[in-house]
Structure formats: C-alpha cells, structure tokens
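Hello,

Here is the structure we talked about. Please open it and follow along with the notes below.

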Amino acid sequence: MHIFLVRHGESLGNINEQAYRQFGDHNVPLTQWGYRQALAAGRAIAAYLAELPRGQIRQLDVWYSPYMRTRQSKDALLEALPPGLVRSVREDYLLREQDFGLFTEIYDHAERRQKFPDEFEKWARLRSNSGKFYARPPDGESRADVAQRLRLFLQTVTNDVRDDNNDLIVVGHGVTNRAFEMNFLHHAVDWFERSDNPGNSDVTLIAGTHSRGFRSTLLHKAEDRKAGDEELRDAYGSELTLTPKATP
C-alpha cells in the first residue's frame, strides 16, 4: 500500500502574509511557481509508480482540502498523472488548514500581541504550561484538535482501503499532513513536536503492509523559486494581485 502526502505548492500567502487578509485564508491561490511545483510533485509520483512491479501498481484515490491552494495543487497533480491511474477524486473538509481563530490573518507574534494583548498572553501561558500541541489560539484549533479530526478522516480512508485496495494521494497543508502521518503511523505527541512541516509541494510516502508495518520517507523535495523569477510570484490561474500595503 502506498499513501502520498502532498503539501500544496507555494501560495501567495507563503511569500506575503498580506494575502491572508486580502483573500481570506481559504481563498489564497497558488503562485505561478507553486503550480509548477505541484506539477513536479505529480511527475515524481508517476515516476515512482512506473518503477514498481506491474502487480504492485494500483489505482489512486485522490483526496484534497477544499482550500483554493490545495484545489489548484490537486489540479496540477492530475495534469501530471497518467489518466488511467486515477480512480476517484474527492474533497474533504477535514483536511482543511488549522484554524488559528483571531490570529488567522496575523502571523507575526508582535502584531498578535499588539492587537489582542489579553488573548495573546493567555495563549502564551497555555503554550508554556500545556505545550504547543495542546494550546488553542483564541477561537481557533490546537494541533491536538487538528490531529483529532485527521483521525476521523483516517477512519473513512481506512474503510475505503479495506474495501478497494487502492493507493492514496492526500493533498493537504503542513499541519494536517503531519497529523495524518502521526495518526497513521501511531507516532507519539513528542514526534509531532519535534517534526517540521513539509515544504511546499514536498511528497511524503507512507508505504508498507498491515502485517509487516509501514514507514514514511521523503519521496520528493520540491525546488524553491530561483532568484530573478519575479513573474512566477503572480497568482496562478486568475487576475488576482496583492494590493500594496498602505504606508502610514
């Protein structure tokens, strides 16, 4: 069995945090480079499967988060994969990005503290006393909450695998993909705290059998955008542009 965990490609939010405020977290698109990254991830998966013995190649069920950047990454993967290899393509809201509540559009700690001083101090105490994994941002989700909903998603996937014996591609986000890996491989919380999010369009492969066990490896490390490719910073597939931040 093979499960390919793919993080979305580079998005406008990855190169400019202002994009989260302008478009809303769920609607931030890929950059031109991000779409190219996702195409390369799809080609890496196709190349890996092509090297398998014929009897080990099974059709793919593709699951993806409903956010714009993951939907576009899914489209790029499908463009790169052989048409007959994909059996089904399904969206699941359980794969969405972690909800940071009041902090959703603010990634800078200093700005969070300035705009929401009381909430920030409470969150900081929770992180200190309970650990990052359990501390909820105000009105948001902790990493433990994300892991819990990914366990629920995994129940659906497990039932499908038992019935159909298909391989999987999961197109998600950094925290959600880590939470999937943690649940599937029965890793401890300490593993999650010590691990880092995969890079944009990185592909983590989980492979094995239920009798012999499973292990994960980094199948594909995406390339970063090269200096000088400024046109590839534009949004993919639309006329969206970032509004310049007003100067005081």
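**What Thr176 touches**

Start with Thr176. Leaving aside residues up to four places away in sequence, Thr176 touches Leu95, Arg96, Glu97, Val146, Arg149 and Leu150. Keep in mind that this is a predicted model.

Is Thr176 buried or exposed? Buried means under 20% relative accessible area. Thr176 has 1% relative accessibility, so it counts as buried. Its side chain also has a polar atom 2.9 Å from the backbone nitrogen of His173.

**The helix around it**

Thr176 lies in helix H8, residues 174-184. Eleven of the eleven residues of H8 are buried, so the helix is largely enclosed by the rest of the structure. Among them are Gly174, Arg178, Glu181 and Phe184. After H8 comes His186, with a positive phi near 55°.

**The cores**

Nonpolar side chains tend to be buried together in soluble globular proteins. The largest nonpolar core here has 24 residues. Those that touch the most other members are Ile3, Leu150, Phe153, Phe180, Phe184, Phe192 and Ile206. Several elements give two or more residues to this core: strand S1 (2-7), helix H7 (143-164), strand S4 (167-172), H8 and helix H9 (189-194). The largest share, six residues, comes from H7.

Look at Leu150 next. Not counting residues up to four places away in sequence, Leu150 touches Leu94, Leu95, Thr176, Ala179, Phe180 and Asn183. A second, separate core has 18 residues, including Ala41, Leu52, Val86 and Ile169.

**The sheet**

In what order do the six strands of the open sheet run? The order is S3-S2-S4-S1-S5-S6, with mixed pairing. Strand S3 (86-91) and S6 are the edge strands, since each pairs on one side only. On average, neighbouring strands are turned by 20° against each other, direction ignored.

S1 and S4 pair in the parallel sense over five bridges. Here Arg7 has Gly172 of S4 as its bridge partner. Strand S5 (residues 203-209) and strand S6 (residues 213-220) pair in the antiparallel sense over seven bridges. There, Ala207 has Arg215 of S6 as its bridge partner. A hairpin of three residues joins S5 to S6.

**Helices on the sheet**

Helix H4 (residues 68-80) lies across S1, S2, S3 and S4. H4 runs at about 140° to S4.

Best wishes

Notes:
Residues numbered from 1 in each chain as written. Predicted model: local features only at pLDDT ≥ 70, side-chain atom pairs only at ≥ 80, totals over all residues. Heavy atoms only, no water. Helix = DSSP H or I, 4+ residues; strand = E, 2+ residues; numbered from the N terminus. Buried < 20%, exposed > 50% of the residue type's maximum accessible area, 1.4 Å probe, protein only. Polar contact = N/O pair within 3.5 Å; in protein donor to acceptor, adjacent residues only side chain to side chain. Contact = heavy atoms within 4.5 Å. Core = buried A, V, L, I, M, F, W, Y, C linked by side-chain atoms within 4.5 Å. Pairing = 2+ DSSP bridges. Axes fitted to C-alpha atoms, helices over the stretch in contact; angles between N-to-C directions.
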